[in-house]
Amino acid sequence: MDLGWRVERATEVTDDLAQAINRLLPQLSTRAPLVTSERLREVLEAPSSHLYLAISDTGLVGGMLTLVVFPILTGWRAWVEDVVVDREFRGEGVGRLLTEHAIEKARQLGVATVDLTSRSTRVAAHGLYESVGFVVRDTSVYRFVVEAK
């Protein structure tokens with residue numbers, strides 16, 4: 001399927017948007033809960049979050065990426081999260097389009113660095129990230145799971 005793709009920032013909660021995201025989320029993680037309208041509204045209204053969608057010329061959502069931009073004492077930073085391209089459209093440049101768009105937006109916002117993590121099994125994604133200029137850092141990622149009391 002040869003579709004033209006563009007990237008748009010999601011700004012409004014709609015049923016169609018929630019359905020598109022909920023079609024993509026299980027392809028990102030089997031543990032990801034489906035998004036509710038309330039959660040989607042929180043993300044879209046957060047000034048630090050930029051949810052980008054890859055949309056075909058026929059209006060189909062083929063992928064998404066969230067760019068989170070935040071200030072710290074040493075400057076502005078960005079983090080890329082929730083990158084997923086629909087299985088049907090992988091290999092068509094959708095991931096590259098989303099990633100390059102996020103990098104350009106970060107540049108426009110004066111961000112010093114853009115970071116992301118990617119599971120070791122996502123070999124194709126690693127190739128994409130490295131091809132647009134990401135480098136593997138010599139660091140460790142730690143996680144603390146905060147449980148509600």
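In this predicted model, strands β2 (residues 49–56) and β3 (residues 61–72) run antiparallel to each other and are joined by 7 bridges. As a general point, strands of a sheet pair through backbone hydrogen bonds, and they can do so in parallel or antiparallel fashion.

Stepping back to the whole sheet, it is an open one of 5 strands in the order β1-β2-β3-β4-β5, and its pairing is mixed. β1 (5–9) and β5 (113–116) sit at the edges with a single partner strand each, so one side of each has no neighbour in the sheet. Neighbouring strands are turned by 25° against each other on average, if direction is ignored. Packed on this sheet is helix α3 (residues 94–108), which touches β1, β2, β3, β4 (75–85) and β5. The direction of α3 makes about 25° with that of β3.

For context, most residues other than glycine have a negative phi. D82 counts as partly exposed because its relative accessibility is 36%, and the partly exposed class lies between the 20% limit for buried and the 50% limit for exposed.

Next come the hydrophobic parts. The largest nonpolar core has 24 residues, and L65, L67, V94, L98 and Y129 touch the most other members. The elements giving two or more residues to this core are β1, β2, β3, β4, α3 and α4. Helix α3 supplies the largest share, 5 residues. Take L98 as a look inside: with its neighbours within four places in sequence left aside, L98 is in contact with V7, Y52, L53, A54, G63, M64 and L65. A separate core of 17 residues lies apart from the largest one, and its members include A18, A20, I21 and V84. In soluble globular proteins, nonpolar side chains do tend to be buried together.

In one of them, the ring centres of W5 and F89 are 5.0 Å apart and the planes are at 70°, so the pair is edge-to-face. W5 belongs to strand β1 and F89 to the loop between β4 and α3, so this pair ties together parts that are 84 residues apart in sequence. Both W5 and F89 are buried. The other pair is Y129 with F134, whose ring centres are 5.9 Å apart with planes at 65°, so this one is edge-to-face too. Y129 is buried, with a relative accessible area of 5%. F134 is likewise buried, at a relative accessible area of 15%.

Y129 leads on to helix α4 (residues 123–131), where A125, L128 and Y129 are buried. Viewed down the axis of α4, the buried residues fall within an arc of 95°, so they line one face of the helix. Just after α4 comes G133, with a positive phi of about 115°.

Notes. Residues are numbered from 1 along each chain as its sequence is written. This is a predicted model: local features need pLDDT of at least 70, side-chain atom pairs count only at pLDDT 80 or more; totals for chains, interfaces and linings use all residues. Side-chain values use heavy atoms; hydrogens and water are left out. Two strands pair if DSSP finds at least two bridges between them. Helices (H or I, at least four residues) and strands (E, at least two) are DSSP runs, numbered from the N terminus. Axes are lines fitted to C-alpha atoms, for helices over the stretch in contact, and angles run from 0 to 180 degrees between N-to-C directions. Contact means heavy atoms within 4.5 Å. Rings of Phe, Tyr and Trp (its six-membered ring) pair if their centres lie within 6.5 Å; planes under 30 degrees apart count as stacked, over 60 as edge-to-face and the rest as tilted. Buried means under 20% relative accessible area, exposed over 50%, partly exposed in between (1.4 Å probe, protein chains only). The arc is that of the directions from the helix axis to the C-beta atoms. A nonpolar core is a set of buried Ala, Val, Leu, Ile, Met, Phe, Trp, Tyr and Cys residues joined through side-chain atoms within 4.5 Å.
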